[in-house]
Amino acid sequence: MTQKIEKFIFTLAVLITAFCILSISLYAIRSSTDEFWHIKTGEYIVQHGYKLPQTDIFTFTAEKYPWVNHEWLSQIVFFHVYHTTGFKGFVVFKSVIILAA
């Protein structure tokens, strides 16, 4: 093979691999139904002076029961990213985090 063909095949392989990785990373966002719940909880935390809710504020069936929000930091980050960049920016942010992992 000539050097041009080898370079073309290598470039094509890198692009296909990158496309596959990006597609896999976006799948986690499309298959999850909790993203907006996390964003809304992050918004609540920020609007209430970074005070964590003690009970689940988005359910009517268990509103009086104690709730330990173990995802509070990511919810704050998700809210800020979504608020700053919109949904497309949020998707890119989550994709970069998944690819970095």
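Author: A salt bridge here is a side-chain nitrogen of Lys or Arg within 4 Å of a carboxyl oxygen of Asp or Glu. The model is a predicted one, in which local features need pLDDT of at least 70 and side-chain atom pairs count only at pLDDT 80 or more, while totals for chains, interfaces and linings use all residues. Residues are numbered from 1 along each chain as its sequence is written, and side-chain values use heavy atoms, with hydrogens and water left out.

Searching the whole structure gives 2 salt bridges. One of them joins the side chains of Lys 94 and Glu 35, at 3.1 Å from N to O. This pair ties together distant parts of the chain, since Lys 94 lies in helix α3 and Glu 35 in helix α2, 59 residues apart. Helices are DSSP runs of H or I with at least four residues, numbered from the N terminus. Lys 94 and Glu 35 are both buried, where buried means under 20% relative accessible area, exposed means over 50%, and partly exposed lies in between (1.4 Å probe, protein chains only).

The salt bridge between Glu 43 and Lys 40 has its closest N and O atoms 2.8 Å apart. Because Glu 43 and Lys 40 are 3 residues apart in helix α2, about one helical turn separates them. Lys 40 has a relative accessible area of 42% and is therefore partly exposed.

Helix α2 also holds Phe 36. With 46% relative accessibility, Phe 36 counts as partly exposed. Neighbours within four places in sequence aside, Phe 36 is in contact (heavy atoms within 4.5 Å) with Tyr 82 and Phe 87.

Next comes the nonpolar core, a set of buried Ala, Val, Leu, Ile, Met, Phe, Trp, Tyr and Cys residues joined through side-chain atoms within 4.5 Å. The largest one has 8 residues: Ile 39, Ile 45, Val 46, Ile 76, Phe 78, Phe 79, Val 81 and Phe 90. Helices α2 (35–47) and α3 (72–100) each supply at least two residues of this core, and α3 gives the most, with 5 residues. For Ile 76, again setting aside neighbours within four places in sequence, the contacts are Gly 42, Ile 45, Val 46 and Tyr 50.
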